[in-house]
Amino acid sequence: MNMKRLPALAAKWMFGLIVVVTVAAFFLCRLEDWGTGHWWTSLISIVLAEAAIYYCAVGQVRKNRRGDGLPASLTFVTISVLYGAAAIFHTVFFWLALRISLTSYVVIEVITAAVWAIGIGLANHFTNYVRNQEDDQRAQMQLMKQMKLSLDSVSYALEEEEIEEREALKAGVRELIEKVKYSDPVSHPSMIHMEENLLWQIKELERCVRGLSDQAGDTGKVEMSRKLLRDISADLSRRNSQLITLK
C-alpha cells in the first residue's frame, strides 16, 4: 500500500464512521412525538455539515500540497465547522426546545445552508484574488532577477573580448548591475511592458557583446553596445521613477 495514501484513506474511514454514528444516534433516539419532518430535516442538515467539513478539509490539504497557505485552508474549514455547529444548535434549540413548525424549521436550515455557501464562495473568491496577486508579484520580481542574470552574463562575455573599449563597456555594465540591484524588485502590473522591453534590450546587449569578436563588425557593435547601455539606463531610471509614484 502506498504510505502517502494512508492519511487520505484514514480521513475517509473517519468521515464514514462519523456519518454512521450520527445516523445511528438519530435512529436510536427517535421518538414518535418528535415529528418525522423535523427528524429528517435535522439528520440531513447535520450529515451535510459533516460532509462539508470533510470535503473542505480534504480539498484544502490537496491545495496546500500545491503551495497554498495554511490560513486559506483554515478559513474554509472554519466556515464549515461553524455551519456544523449551527446545524446542531438548530436541532437542540429550535426543534427539541422550542418545537417550532416544520416550515419555519426548514426555512432556517435552508437559510443556514445558503449562508454557508455564500461564505465558501466569498472565501474562495478572495483566496483566488490573493493567490493571483502573489503570482503576479512573483512574475514581476522574476523579471528583475532575469535582468540581473542577463547583465551578469554580459559582464562575463566582456571578459572574453579583447577590444580597446572593453573596460569602458564593463564599467557601464557594472553601473547597470548596481542600478538593477538597488531597484525595487516588487513591480506594478502597469509596468510589465516597460520591464519586458528592458529585459529585451538587455538580451540584445548580450547578443551584441558576444558578437564583438567579429572584427568586421567591431566598430558598429561597440557603438550599438554603448547606445543600448544608455537606453537601458534611461529606461530603468524612468521605470524606477514611475514605480515610486504608483506606490
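Which residues in α6 are buried? In this predicted model, the set is Glu-195, Leu-198, Leu-199, Gln-201, Ile-202, Leu-205, Glu-206, Cys-208 and Val-209.

**Helix α6 and Gln-201**
- With 19 residues, α6 reaches 27 Å from its first C-alpha to its last, close to the 27 Å expected at 1.5 Å a residue.
- Gln-201 sits in this helix, which covers residues 192-210.
- Setting aside neighbours within four places in sequence, Gln-201 touches Leu-228, Asp-231, Ile-232 and Asp-235.

- Glu-206 and Arg-210 pair up through their side chains in a salt bridge, at 3.5 Å from N to O.
- They are four residues apart in α6, so about one helical turn separates them.
- Residues three or four places apart in an α-helix point the same way, because there are 3.6 residues a turn.
- Glu-206 is buried at 14% relative accessible area, while Arg-210 is partly exposed at 43%.

**Salt bridges elsewhere**
- The total count is eight salt bridges.
- Asp-235, one of the contacts of Gln-201, forms a salt bridge with Arg-238, with the closest N and O atoms 2.4 Å apart.
- That pair is three residues apart in helix α7 (residues 218-246), so again about one helical turn lies between them.
- Asp-235 is buried at 12% relative accessibility, whereas Arg-238 is partly exposed at 40%.
- Shared partners also link Glu-223, Arg-226 and Arg-230 into one salt-bridge network.
- Within that trio, Glu-223 and Arg-230 have their closest N and O atoms 4.0 Å apart, and Glu-223 is partly exposed at 39%.

Note on methods. Residues numbered from 1 in each chain as written. Predicted model: local features only at pLDDT ≥ 70, side-chain atom pairs only at ≥ 80, totals over all residues. Heavy atoms only, no water. Helix = DSSP H or I, 4+ residues; strand = E, 2+ residues; numbered from the N terminus. Contact = heavy atoms within 4.5 Å. Expected span 1.5 Å × (residues − 1). Buried < 20%, exposed > 50% of the residue type's maximum accessible area, 1.4 Å probe, protein only.
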